[in-house]
Protein chains: 2
Amino acid sequence: MNYRLTLQYDGSRYDGWQRQGNTEKTIQGKIEETLTRLLGETVEIDGAGRTDAGVHALGQSANFHTDRKLDPEKLKAELNTYLPEDIGVVRVEEVPERFHSRLNALGKTYRYRVATGEGKNVFERKQIYPLNQPLDVEAMRLGAALLVGEKDFRGFSSMKKTKKSTVRRLESVKIRELPGEVEFDFTGNGFLYNMVRILTGTLLEIGMGKREPESIGKVFQKNDRNLAGFTAPARGLMLVEVFYPKNS
Amino acid sequence: MNYRLTLQYDGSRYDGWQRQGNTEKTIQGKIEETLTRLLGETVEIDGAGRTDAGVHALGQSANFHTDRKLDPEKLKAELNTYLPEDIGVVRVEEVPERFHSRLNALGKTYRYRVATGEGKNVFERKQIYPLNQPLDVEAMRLGAALLVGEKDFRGFSSMKKTKKSTVRRLESVKIRELPGEVEFDFTGNGFLYNMVRILTGTLLEIGMGKREPESIGKVFQKNDRNLAGFTAPARGLMLVEVFYPKNS
């Protein structure tokens, strides 16, 4: 049997999604530990997005295999009882044996939230980057238009040199103005290491008037990380949704 | 000079509003310490509501006196910079010398949030009480109607015996149904110790079918704390607003 979990988490307390030596501090490790205890067998899960330390999720997707037939609603309730308060299971469903949450993902949406007002976000402080200055949203939209498409995003990533392709398709960048806040939604077929945070940092520099929208073209020409903007802090980033083919 | 502060805070980390021996862990203590450092003189503040440990505020009101003429906008920005991330200043304004945030308050609104769904409130977990069961809102509204008015609320309080009056006027109890959540707004001219949490606990017992709405009449007849419901946990409670006369 193969089960898919749809997960929410507040990543503030964790060293990111991916299990490392110390399973206590990663979200994957925490969920595997809880599933292993509940099922009485060693369970390993695959997550669609390997979110960094401090990054959150509204709709992370992960799957695991087991020989046992499980009741999805019962497993969801048990997981929500035994997982810590900052990790929640939204849905458990049986999926075809061949389903793999990461390899089968068609795309993902990430959201980045920035505080632009002078106030303080006391209750959402761990999900919003407190830039606390006004942003030129029109200029950022001009910049965002230059990012969309199938391109080599190597310059917008902090990956080490790799022989793997760094070409990704960025479907859309939506920029929403809210009272005291700007939200960026990035949807694409895949994201390189730190890519969303560097795209956001570059757009923020445009919004603050520190660079021209056209400067984005140069990053693509040279594929040079140093030509892109700063890496926006992890806390403002959230994995919103993972997309799969209809029949998977 | 007399200045009024409108404050928000996430009370999770604190031993409540009121300064005690150790100023580090109370909200009043933290604000007084910051003001004292900023102004270079010992500052004491009075808060309108003495929120308990773990209770939050969207609109607490406090005031302090100083000989100095201050720039309200500048003080607000400085306070927001130097106060911890879980305490925010919404407004600073000069008020008449005789203004006292607690003694002049005409009334307050407190909100209590309860999760009724099976899901988990990962991001708002510290502001919602996870009851996680359905509630009969109509029955709770019948009970709430019996609470409204000028009454002796001694039975709905965990105060020790007192010679002071325990009569308060509860103006309204509004119950709002949201997806997976019920919110209670209590507006009144004053609230006894733990009163909102005991009123909420009593209404929740009605909503869960554990007591009849009419049982509220008995609490008023006997003024007996043991006849009222449980004390709902602090985390779900928030001081929303403090009301003052128009000309104060």
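Predicted model: local features only at pLDDT ≥ 70, side-chain atom pairs only at ≥ 80, totals over all residues.

Colleague: Which residue does the UniProt "active site" annotation cover?
Modeller: D52(A), according to the UniProt record, an unreviewed entry. D52(A) sits in the loop between β2 (46-47) and β3 (56-65) of chain A.

Colleague: What is D52(A) in contact with, leaving aside its neighbours within four places in sequence?
Modeller: G16(A), Y193(A), N194(A) and R197(A). With R197(A), the side chain of D52(A) forms a salt bridge, 3.2 Å from N to O. That pair links distant parts of the chain, 145 residues apart: the D52(A) loop and helix α4 (residues 195-207) of chain A, which holds R197(A).

Colleague: Is R197(A) buried or exposed?
Modeller: Buried. Its relative accessibility is 14%, and the cut-off for buried is under 20%.

Colleague: Where does R111(A) come in, and what is its salt-bridge partner?
Modeller: The partner is E183(A), with the closest N and O atoms 3.6 Å apart. R111(A) is in strand β5 (residues 107-115) of chain A, and E183(A) is in strand β9 (residues 181-188), 72 residues apart. Both R111(A) and E183(A) are buried. They also belong to a salt-bridge network with R113(A), E124(A), R176(A), E181(A) and D185(A).

Colleague: Switching to chain B. Which residues of helix α5 are buried?
Modeller: S215(B), I216(B), V219(B) and F220(B), in a helix that spans residues 215-222. Seen down the axis, they fall within an arc of 150°, so they line one face of α5(B).

Colleague: What do those buried residues pack against?
Modeller: α3 (137-147), β7 (149-152) and α4 (195-207), in chain B.

Colleague: And which exposed residues are on the face turned away?
Modeller: K218(B), Q221(B) and K222(B). After the helix comes N223(B), with a positive phi near 50°.

Colleague: Last topic. What rotation superposes chain B on chain A?
Modeller: One of 180°, with 0.0 Å of shift along its axis and an RMSD of 0.0 Å. That is the relation of a two-fold axis. In chain B, the C-alpha nearest the axis belongs to E124(B), at 4.2 Å.

Colleague: Why say the copies meet through the same surface?
Modeller: Because 100% of the interface residues of chain B are also interface residues in chain A.

Methods
Residues numbered from 1 in each chain as written. Chains lettered and ligands numbered in written order. Heavy atoms only, no water. Least-squares fit on C-alpha atoms with pLDDT ≥ 70 in both. Contact = heavy atoms within 4.5 Å. UniProt positions renumbered as here; feature names shortened; annotations may be inferred. Helix = DSSP H or I, 4+ residues; strand = E, 2+ residues; numbered from the N terminus. Buried < 20%, exposed > 50% of the residue type's maximum accessible area, 1.4 Å probe, protein only. Arc of directions from axis to C-beta. Salt bridge = Lys/Arg side-chain N within 4 Å of Asp/Glu carboxyl O.
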